[in-house]
Structure formats: structure tokens, C-alpha cells
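Biologist: I have not looked at this one before. Can you walk me through it?
Modeller: Go ahead and ask.

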Amino acid sequence: MNQIQNNQSKVEININDLLKQNADYKLEIEKLKRELDYFKRIILGKKSERYISEEAPLPPNTLFTQMDQEAALSITKEELENATEETTITVKRTIKKSGGRKELPAHLHREITVIEPEEKTEDMKCIGRVVTEELEYTPGVMHVNRIERPKYIDNKTTKIIIAQMPSRPVEKCIVGPKMMSDMIIKKYEDHLPLYRQIQAIKRNHQVDLSRSTVGNWNKEYIEVLEPLYEALQKLVYQSHYIQNDESTIKVQTEATKENPKNIHLGYMWVSHAHAEKIVYFSYQKGRSGESFRSHLPHFQGLLQTDGYNVYEQIRYDDQIVLLSCWAHARRKFDQARSNDPKTAEYVLKEIQKLYNIERQAKEDGITPEQRKEVRQSKSKEILEHLEKYLNANSGLVLPSSAIGIAIEYTIKRWTKLVEYINHGEAEIDNNIVENSIRPLALGRKNYLFAGSHDSAQRSAMMYSFIGTCKINGINPMHWLYDVFLRIKDHSINKIEELLPQNWTSLVNL
């Protein structure tokens, strides 16, 4: 009898082990399926996260597309028939010209060549002309600015008189501000490393430049902009509403036993001051809370971020109000569509309603106060319903599944996700600052790493200026060249006048 009981207990233990092992395998399979689906989408699928419902749309210009659902339900059958009879469909179409080439821009300089027919005589009258245009390009011309200053001797005092040199961004530097502006913009805006530019200069202009020399030029010219960068920092610290993000950058350092490859993984922290229209980068050696405090040491106000846990730990005696990003939450449900289409698509439709409200508010050009009222009257109800739905479904899905992760991510950050409806100046997501950090990601692919921690910080300065130029609709090349010409003689007390958002050009390129 005891033997039988022992055998039964062993069988039960084996069954429990198998059940546990089976559950572990299911979790592992679910994880692998989620990863496989993600990589398939990256390689083969569409990259856009915009949700478009697969339901067939209602016919255009019908009663139900012109009224909301409650109003439609109150219509009687007789009113519906009358309304349908009187409906006229007007379709506006843009008529495209078929054939022909797109005209070349009128602002381009024309070099005109007139070819007369060989049979032309003096008594012939011109009745028109056939014009053929082709787009041509002449590579940039490199030249030398030669400044000559005659020396004179004063016969009365026997002193030698010579004119003073004009102000220059970098004294005793043999490269001019226009050429250096072009090289800097090509590096940080067009992601063309300096060594490739040197190769192109040698090929096109037969001018052989040293890599170390050009690197020093780049360093010296960017350091001229440090007072301007400090002024930009100050404005960001004083902002009331900031969107924040961070991304990696490899930095070359001295080789050690702990780091034989002499590469340090640092971070570019980036902030977008919404009202001031400023993009601000700073290089930090890490991604900790201390790094954030070094990036924004004096900030107080609304801070909108992704779901990185360091932001969750930030506390400045309630001087910072954290907002989360709906684009990140939406992304989780978009990735879960293959796992649980019904739940994921329902949530995506509700999020789409929130974005439609934001889009309409932007098109109407309403004030922040009015946008807050719209959110309280329309978005709040959608959010309350969505919260109930997520809480009700959180216990019905596998926590490690894609839909379980999406629901958990959203519920965990719910308070911060809905905080935007209380602040009319805040955006629904963090997309603007994420777009600002993209040049860094593109640059990483081309020049791989920064040469030093100081070099990484100089990169942060230029990304700040170029990003601020972009969101203010300014050509960064024009801005940089003009600033190089003026900054040495500009009053330090009025240095903010040279920031891209305040800048007025005084030169023509």
C-alpha cells in the first residue's frame, strides 16, 4: 500500500513538473512569436504606426456621414427618405495635366545660348522660338581670400601705419567662415564625416588637407558658439513645458583593462521647449537620474517623456509634473494586433478618437485655454471609458503576451498619460522631440563615434542649433555663416538676438 502511495506521489510530482515546464514553454513560445512578428514587420511590413480601420467606410455625403450617431437615431423614417431624396453628391477633382515635363524653377540662373539657323537672311522676320531647358550643375568653386594691408611710414613721427584686420571668428586660422560653415553643416546636418569631405575637396579642387588640421578647424569654430549655446540653455531651463528624450552615442576613450576596445557608450539627452521653439541637446556620460539632473538642472514645470523608468523616479518636491506619451502606448497595441486583433484594434480606435480631437483643435487654431476646454469636454469621456475597458481586460490576457504587455504598460502609466488634458499647452505625445533626435541616429551610421567626450559635447551644440533652425523654418547654413561673421563683435548682453528663433540675417549668401 505504501509503495502504491509513493508511486502516486511520484506521478503527481512528475505531472506538476511537466505542467510547470509546459507553462514555461508556452511563455517562451509567446515571447518568440512576438519577437518574430516584430522582426517580420521591420523587414517586410509597413513602418507607419498610424492606425487605419479595415472596416468599410460609409458612402460619402450620406446622412450618416454628416451627423453624429445620436442625431441619426432620432431621425424618423419619413425624414430619412426625404433627406435621401434631396441628397446631391458633388465631387471635386483636381485635373492633372497629362504628359509634359515639370518646369524648372524660375529662380535658377539661366545661361542662354541662341542657335540661329544657317539659312537665316537679313530680311527674315522672327515669329517665335522653340525653348529647350536642361538642369545643369557646376561644382562649388574654391578660392582664396587674399587680404593685403599696405604699410606706410609717417614722416613726422617715423611710425609705421597699417590698417587693422577685420574681425574674424577664429584668429590666425587659414579657413574662412563660409567654407567652415559649409563643412560643419555637411557633417551635422547631411551626416557627411569630415574625412569624406576632405576626400571630395582633394578630388574636385586638388587641395590636399590634413584630417587633424580640419578637425582642429571644426573644434575652434564650434567653440566660438559657446556663449550662444549657454544662452540657449538658460532659455530651456526657464521653460514651463518640455518634451524630453535620450539616445546613445559611442565615444572614443583611452583603452583600459575594463574597456579594451576604448569605446564608451554615452548618451545624447535632448529637450524640446515647446513655447520657445528651441531644441536643446547635451552630452552626458550615462543615462541615470543624475545625468538627467545634469541635463536640466533648474527645470520646473511640465515634463513629457517616454516610459523610461528614470523619469518615473524624478521628484523635485512636486516642482515637475510628468506627462507620458500616447504614441508609445499606441505603438504597444499596434505591435499586439497579430496577437489579439479584437482587443488591440478596439483600443487603437479609441486612441484614434483622441488624436482626431487634437487634429481638429490644431486645424481650428484655438488657444491653449480653449484646447483644454475641448479636451475636458470630449477627450476626458473617451479616456474614462478606455480606462474601464483596459482594467476589465487586464486579467483576461496572458501577462507575457504582446497584448498583455501593452495593457500593463498603459495601465502602469495611466495617470501620466491622461495628464495632458489638464494642460492646454501640452501635446498628446512626444513625437516632436523624437523627430529632433533622428539626425543623431543617421549621423551614428556614418561617423560611428565621437573622438572624445568634448567632441561629443560639441556635436550636442551643433545638433541644438540645427534642430532649432529647423523648427523655426531657417536655413542652418545661412544662420551659421551670418553668426560667424557677427558673433565676435556682438554684445554679450544681447547674445540671444543671434539665436535662431530671434535671428534676422544681415548678409546674403
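Biologist: Is Arg146 buried or exposed?
Modeller: Arg146 is exposed, at a relative accessible area of 69%. Exposed means over 50% relative accessible area, buried under 20%, and partly exposed in between, with a 1.4 Å probe and protein chains only. Keep in mind that this is a predicted model, where local features need pLDDT of at least 70, side-chain atom pairs count only at pLDDT 80 or more, and totals for chains, interfaces and linings use all residues. Residues are numbered from 1 along each chain as its sequence is written, and side-chain values use heavy atoms, with hydrogens and water left out.

Biologist: What does Glu148 form with Arg146?
Modeller: A salt bridge, with 2.7 Å between the closest N and O atoms. The term stands for a side-chain nitrogen of Lys or Arg within 4 Å of a carboxyl oxygen of Asp or Glu. Glu148 is exposed, at 59% relative accessible area.

Biologist: How many salt bridges are there in the whole structure?
Modeller: The search finds 15. One of them pairs Glu189 with Lys470, at 3.5 Å between the closest N and O atoms. Glu189 is in the loop between helix H5 (177-188) and helix H6 (194-205), while Lys470 is in helix H18 (residues 453-471), so the pair ties together parts 281 residues apart in sequence. Helices here are DSSP runs of H or I with at least four residues, strands are runs of E with at least two, and numbering starts from the N terminus. Lys470 is partly exposed, at 45%.

Biologist: Which residue does Arg337 meet in a salt bridge?
Modeller: Glu345, at 3.6 Å from N to O. Arg337 counts as buried, with 17% relative accessibility.

Biologist: And which residues are linked in a network of salt bridges?
Modeller: Glu358, Arg371, Arg375 and Glu427.

Biologist: Where does Lys277 lie?
Modeller: In the loop between strand S4 (263-273) and strand S5 (278-284). Lys277 also has a positive phi, about 55 degrees, without being a glycine. Lys277 is partly exposed, at 40% relative accessible area.
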